[in-house]
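User: I'd like to learn how to read a few side-chain features from coordinates. Could you walk me through them on an example?

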Amino acid sequence: MYRFSNTVIGLLNLITLVASIPVIGAGLWMARSTSTACQEFLRTPLLFIGFIVLLVSLAGFIGACFRIVLAMWIYLVVVLILIGTFLSFIIFGFTVTSKSGGGFEVPGRVYKEYRLDHYSPWMRNRVTNPRDWETIRSCILSSKSCSKVTSWTPLDYLQRDLSPIQSGCCKPPSSCNYATATTSGQDQDCFRWNNAQPLLCYECDSCKAGLLEEVKRSWNKIVVLNIVVLLFLIALFSVAWCAYHNVQRAETDHPYGENRITKARPRWDYYWWRWWNDRKEQIY
């Protein structure tokens with residue numbers, strides 16, 4: 001009777017195999033079409049994830065359904081690496097996002113403002129690199145977050161809330177005072193602000209801080225999903241381990257529950273050990 005674990009592994013990998021095709025198709029479509037820098041930034045991960053899922057699913061499906069021991073062994077190793085990588089990713093995410101950010105209250109305003117030095121050094125390094133920030137900036141521009149607040153009146157800024165990106169990128173810091181003759185002692189972001197729509201405060205530290213706050217909030221929202229996926233991978237590895245033993249047993253034609261003592265073909269090192277033992281007996 002064919003083992004239940006092999007059926008489960010074969011079915012799951014068939015589903016992921018089919019699901020990887022649209023992911024690869026989306027990446028190839030982005031490669032061929034006229035794409036923005038933000039789309040180009042997403043294209044490589046899409047293609048990489050799609051091809052990895054395709055190859056791993058193919059190995060698991062072939063190994064479980066056609067009883068190929070090598071394919072099942074490769075599948076087990078890859079799933080084990082995924083478990084370790086995912087666990088490390090969760091721990092690392094908690095480390096760099098905990099006890100950082102959160103913003104500070106602005107007197108008389110509903111929204112908060114954010115400072116770049118309130119985040120971990122690793123997160124700050126991701127946005128202070130000019131080359132990386134240019135790509136991120138293009139993504140913020142394409143999202144048109146600031147176009148939603150360009151028509152606001154001063155009263156709207158007092159009564160309505162802003163997202164972290166809108167608070168940091170779409171307006172100068174509330175502490176800026178452009179009415180005074182001197183600008184000494186003011187935040188450096190006050191000098192980076194520009195009324196032109198393509199510029200605004202996209203080069204401000206407050207904009208980078210707002211982006212990091214969005215990343216932190218997104219991470220906190222998907223942490224439960226991350227744990228569920230990790231538990232699923234552990235369960236998948238357990239079922240795949242059973243399927244691997246079933247495939248091994250089927251390849252050696254060893255029926256379940258039957259213990260054979262004799263071997264038609266001795267192991268590769270059998271004659272070598274026999275010769276070595278004979279030599280030891282002759283010497284001693």
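Analyst: Let's start with burial: buried means under 20% relative accessible area, exposed means over 50%, and partly exposed is in between, with a 1.4 Å probe and protein chains only. Cys204, for instance, is buried, with a relative accessible area of 0%. Keep in mind that this is a predicted model, so local features need pLDDT of at least 70 and side-chain atom pairs count only at pLDDT 80 or more, while totals for chains, interfaces and linings use all residues. Residues are numbered from 1 along each chain as its sequence is written, and side-chain values use heavy atoms, with hydrogens and water left out.

User: How many disulfides does the rule give here?

Analyst: A disulfide is a pair of cysteine sulfur atoms within 2.5 Å. The count by that rule is 4 disulfides. One of them joins Cys201 to Cys204, with S to S at 1.7 Å. Cys201 is buried too, at 0% relative accessible area.

User: What about Cys146 and Cys170?

Analyst: They form a disulfide as well, with their sulfur atoms 2.0 Å apart. The S-S torsion is about -85°, so this one is left-handed. It links distant parts of the chain: Cys146 is in the loop between α5 and α6 (154-159), Cys170 is in the loop between α7 and α8, and they are 24 residues apart. Both ends are buried, Cys146 with a relative accessible area of 3% and Cys170 with 7%.

User: And cysteines with some accessible area?

Analyst: Two to look at are Cys65, which counts as partly exposed at 33% relative accessibility, and Cys242, which is partly exposed with a relative accessible area of 40%.

User: On to charges. How many salt bridges are there?

Analyst: A salt bridge is a side-chain nitrogen of Lys or Arg within 4 Å of a carboxyl oxygen of Asp or Glu. That rule gives 7 salt bridges. Take Lys171 and Glu113, whose closest N and O atoms are 2.6 Å apart. This pair links distant parts of the chain, 58 residues apart: Lys171 is in the loop between α7 (164-169) and α8 (189-192), and Glu113 is in strand β2 (residues 112-113). Lys171 is buried at 7% relative accessible area, and Glu113 is buried at 9%.

User: Which parts does the salt bridge of Glu203 and Arg137 tie together?

Analyst: Their side chains meet at 3.2 Å, N to O. Glu203 lies in the loop between α8 and α9 (205-251) and Arg137 in helix α5 (residues 130-143), so the pair ties together parts that are 66 residues apart in sequence. Here Glu203 is partly exposed, at 39% relative accessible area, whereas Arg137 is buried, at 12%.

User: How do I check the length of α5?

Analyst: The expected span of a helix is 1.5 Å times one less than its number of residues. The 14 residues of α5 should span 20 Å, and its end C-alpha atoms are 20 Å apart, which agrees. Buried residues in α5 include Trp133, Arg137 and Ile140. After the helix comes Lys144, whose phi is positive, near 55°.

Key. Helices (H or I, at least four residues) and strands (E, at least two) are DSSP runs, numbered from the N terminus.
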